[in-house]
Amino acid sequence: MMFRKLFTVGLLLIAFSGFAQEDLIINTQNREQISLNGTWHYIIDPYETGFYNYRYKEKGEKDAEAYWNNPNPHQKTDRKEHGYSDKYSIEVPGDWNSQDDVFKYYEGTVWYQREFDKPELAKNEHVFLYFGAVNYEAHIYLNGKKLGMHKGGFTPFNFEMPSDLLQEKGNFLVVKVDNKRHKDEIPTLNTDWWNYGGITRDVKLVITQQNFIQQYALQLDQDQDIEKSIKRKKFKLSGHIKLNVSSEEKVTIEIPEIGLKEKIDISDSKASFSFDAKKIELWSPENPKLYEVEFTLGETTLTDQIGFRKVEVSGKEVLLNGKEIFMRGISLHEEVAPEIRRANSMDDANKLFGWVKDLNANMVRLAHYPHNEYMTRAADELGILVWSEIPVYWTIDFENKKVLGKAQKQLEEMIVRDQNKASIIIWSVGNETPLSDARNDFMKQLVMDAKKMDSTRLISAALEVRYNRGTNFIDDPLGEYTDIVSVNEYLGWYGDLPGAKENSKWETKYNKPLFFSETGAGAKSGFHADKETRWSEEFQEWYYEETLKMMEQMPDNFMGLSPWILVDFRSPKRNNPKYQEGWNRKGLIDNEGNKKKAFFTLKKYYEEKEKEYQD
Ligand code: GCB
C-alpha cells in the first residue's frame, strides 16, 4: 500500500515536470526490453493544431481533437479532423528529413503514433519507455495521458508507464516531436549541420524489477599511481551506484574473469565504493580489453562490458595508462553516406569506424553533440579514443541563466549515459564560442560541472585562435580551466592560401597539452585541377600537406589533431551551386563513400606517427 501511494505522488511529479537526469536508466542494451522500433504513423502539424486550440491555448487532456487522443470515429455523425493512417507511415529510428521529400527542409511539429500490447510482466515488474534521442522537444502521451516531456536532441530519456494506464492490447502511444530552432536552446538558431528532426534513435520498453539499479560508474580510481599499480599488478577500482528507490540493500559487483566479487551496501538509494582488483588487463587502442561485469541486486543481474584505463595530463603530455599518447584523430558528424541520414545503428557505427581504422586514426571527435550509444559501444570494442561533446555551439544565449541550465542538463545526460565507456577520454563543453564575460562564466561553469561529475576524463572545448601573420596565439581565458587546450585552425582555407602555413608559428599561454580539434579545406570529389584551384581535390591535398608540415613545427606540448572531417555532410549553409549544393565538402570521403586524395595524405602521416609513438 505504501508503495502504491509513493507511486501516485511520483506520477504527479512526472506529469508536471520534464525529465530529470537522475531518472535516466543506463545500459539499456543489457536489460530486458522490447523494441518499439519499426513503422509508426505520423501527422505533419506546422500550426500545432493538435496541441493548441483555436485561441492558442494548450488543449485539454480529453479534447477529442488533441492529437494524443485516439481519433477513431465511433459513429457516422462524428466530426474528426485528424487521424493516423498507414498511408502516412515513417520508420523509427530515423530522421524524418531523409524519409520523404515532404520533410526535407521541414522544421516544426510532427506527431508520431503507434500501438503496442502490454508485455507479459511478472509480479512487481515495471515498464519504462526509453528513447535514445528525439530531436528536439518531445511530449509523450500514453492512452491520452501525458507521461512527460524532454528537450535536447541528442541525449536519452525515459518515463515510467504506470501499470494502471497500460491496457492489455492496443496501447495508444503518441509522441509530439518538434525540431524548431530557438535562440534560447542548445544548440541555438545557427549551426553548420542539418537540423534532422524526428525520433532519431531507438525506442524501447525497458522492463525492470520494482527496485533496480538505475545508474552506476565503475572505473580505475583516478588517484592511483598507475605505473605502480601496473608493476604491483594491483589496481584500485572505484565508483558509485544508484537505485531507483530509496532502500537499504546490497549490490554485488562481480568480474568473473578475474575472480572479483564485492558486496556494496546501499543506504538511501546510493553508494560510493572502492576496492582492490588484481590481474586487470588495461584497455587501450592496441588492446581494447573489455570485461563482463555483473551487478546483482536481489535476484536480478545486470551485465555490462567495461574497460579499465587511466587517462591523465602530466605537464605537457596526455598519458594513457602512464604512457604518452599522440591523438591521430578525425572529426565526424552522426550522418551516413550514401543515404544522407542520421546514423542510428551498430552497422552505421561499424561503417564509420571502418573508415576511421582505414585512415589509421586512433581517435575520433564526435562532433558537435553526443552521438548514439552504438558509436560509443563500438569505440569501446574497437579501441578508438573518443572526444564527446555537447552542442554548445557558436553564439549561444550566454547571458541567459535558463540556457546555462539547459546546457548543464545535456552535459549531465551525456556523462551519465556514457560514464562507463573506456573509449571516452574527453568531455567537451562546446565549440567556437565567442569571448565575453558572460560566455567565460558560462563555459567555466560547464567545465567545473563536468569535472565534478567525472574525474576520470579530461575536460576540454574547441576554442578559437587569434590569427596573426607570423605568430598565432591561443589565449582564450577558458584555457585556464580545461585540461587540454584545443583549438580549431583553418589558416589556408578561411584566410590566405595553404602556403601561408609554412612560416606560421604557434604560441599558447598555457603550459598544457595542445590539440587541434579541427583543421580542413573543402574539395568536390572527382574535381581535379592544379593545387591553387579552390574545391579541387588537389587544393585539399595541398592544404593537408602544408598543415602536416606545420604540425612538425609546433611547440612541444602539441599532442594531436582531429581534422575536419571524415565525410562530407549536409549543411544548409553551404550553397555554392557548383561545388557544394547543400554539402560541407571538407570530408576526406565524399557522400558516396569515395576517398579524396587528402585521405591518403593524412593516412600516411598517421602511419608515420604511429611508428614514432610505438615505443
Ligand atoms: C568550424 C566548425 C564546424 C564547421 C567548420 C567549417 O570551425 O566548428 O562546425 O563545420 O568550421 O567547415 O567551417
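How much of residues 35-206 is helix, how much is strand, and how far apart are the end C-alpha atoms? Hi everyone, let's start there, and please keep in mind that we are looking at a predicted model.

Over residues 35-206, the chain is 0% helix and 32% strand. As for a label, an unreviewed UniProt entry lists residues 35-206 as "domain: Glycosyl hydrolases family 2 sugar binding".

Now for a helix elsewhere in the chain. Helix 7 covers residues 537-551, so that you can find it on your screens, and has 15 residues. From first C-alpha to last, helix 7 reaches 21 Å, close to the 21 Å expected at 1.5 Å a residue. Is helix 7 mostly covered or mostly open? Mostly covered: 13 of its 15 residues are buried.

Which residues come nearest to the ligand? Of the 14 residues around it, those are Asp192, Tyr393, Glu432, Tyr494 and Lys586. By class, this shell is made up of five nonpolar, four polar and five charged residues.

Let's go through some polar side-chain atoms there. Tyr494 places one 2.3 Å from an oxygen atom of the ligand. Trp564 has a polar side-chain atom 3.1 Å from a ligand oxygen, and Arg574 likewise has one at 3.1 Å from an oxygen atom of the ligand. As for cover, the ligand on its own has 320 Å² of accessible area, and the protein covers 97% of that.

Technical notes. Residues are numbered from 1 along each chain as its sequence is written. This is a predicted model: local features need pLDDT of at least 70, side-chain atom pairs count only at pLDDT 80 or more; totals for chains, interfaces and linings use all residues. Side-chain values use heavy atoms; hydrogens and water are left out. UniProt positions are given in the numbering used here, feature names are shortened, and annotations may be inferred rather than shown by experiment. Helices (H or I, at least four residues) and strands (E, at least two) are DSSP runs, numbered from the N terminus. The expected span of a helix is 1.5 Å times one less than its number of residues. Buried means under 20% relative accessible area, exposed over 50%, partly exposed in between (1.4 Å probe, protein chains only). A residue is near a molecule or strand if one of its heavy atoms lies within 4 Å of it. A polar contact is a pair of N or O atoms within 3.5 Å; within protein, one must be able to donate a hydrogen and the other to accept it, and residues adjacent in sequence count only if both atoms are side-chain atoms. Accessible areas come from the Shrake-Rupley method with a 1.4 Å probe; for residues, only the protein chains shown count as cover. Ala, Val, Leu, Ile, Met, Phe, Trp, Tyr, Cys and Pro count as nonpolar, Asp, Glu, Lys and Arg as charged, and the others, Gly among them, as polar.
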